[in-house]
Amino acid sequence: MTAVNVLLGPNECHIITDGAGTIPKTIEGRRHQVLWIKVPKVFSIPHLGLAVVFRGRTALMHSLFYRASRARTVEDLRRTFPIELRRRFGLLAKLLPSVFDFELIFAGVSDGKPFIFVVATTTRLGWRPFIANEITDSMLSPSLRDESVAQGWELAARGQGSCRRLDDVACRILQHQRYSGIVGAFGQITTVNQFGIHTRIIKRWPDEYGKSLGHLG
């Protein structure tokens, strides 16, 4: 698991993620997720004008990005990529869900209108597996207990605030999600609009390799 937060604005898409790759480890008799690697979860497909987020086992990430990048158009990707994933991972996701439970979130702009859709292998997070699930508003995962933070994110991302304001709200979201024990290393925000794909680091945490996330604050 990891933090994946997306919002579909009037002219652009925003994606907030963390950078922790984790593995389970028993510490003092309790199961924790400890930092294994620091890795970005968002990659770009420049010829399609897409940013792609991966959530799942890190070992699968690059091969899946390669498969997605072979599409010639966004419509080709929507149509053929879910079918290809079903053929390759459909049975594996049923037999070994702990390994092959993953999702890819695609964000882009077409004819001046932003869009976001998700292709997942299971129904665990409410998606229909192996089809393009459209996101029409926002998605915050892990979910937040403080509704005011989520509301602030939506206002900022919809243009009712500066870039600094957007970054501040994004940091607050990640800090709240950090209590889940699966968010860490660094936070980044990726914006996709008609001018391109822009990613910047907005937060760094002092997490140590082999230690549970958040033990240093």
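Predicted model: local features only at pLDDT ≥ 70, side-chain atom pairs only at ≥ 80, totals over all residues.

Trainee: Okay, so which way does phi go for Asp111, positive or negative?

Mentor: Phi of Asp111 is positive, near 55 degrees, although the residue is not a glycine. Asp111 sits in the loop between S7 and S8, and it counts as exposed because its relative accessibility is 79%, where over 50% is required.

Trainee: And what about Ala185, is that buried or exposed?

Mentor: Ala185 is buried, because its relative accessible area is 3% and the cut-off is under 20%. Ala185 also has a positive phi, near 70 degrees, and is found in the loop between helix H5 (163-177) and strand S11 (186-193).

Trainee: Switching to helices, where is the kink in H2 centred?

Mentor: The kink in H2 is centred on Phe89 and comes to about 55 degrees. Phe89 is also one of the buried residues of H2, which include Leu77, Phe81 and Leu85.

Trainee: What covers those buried residues?

Mentor: The cover for the buried residues of H2 includes strand S6 (50-55), helix H1 (58-69), helix H3 (97-100), strand S7 (103-110) and strand S8 (113-120).

Trainee: And how much of the whole chain is buried?

Mentor: Of the 217 residues in the protein chain, 47% count as buried, and the chain has five helices and 12 strands.

Notes
Residues numbered from 1 in each chain as written. Heavy atoms only, no water. Bend = angle between axes of the 7 residues up to and from the residue. Helix = DSSP H or I, 4+ residues; strand = E, 2+ residues; numbered from the N terminus. Buried < 20%, exposed > 50% of the residue type's maximum accessible area, 1.4 Å probe, protein only. Contact = heavy atoms within 4.5 Å.
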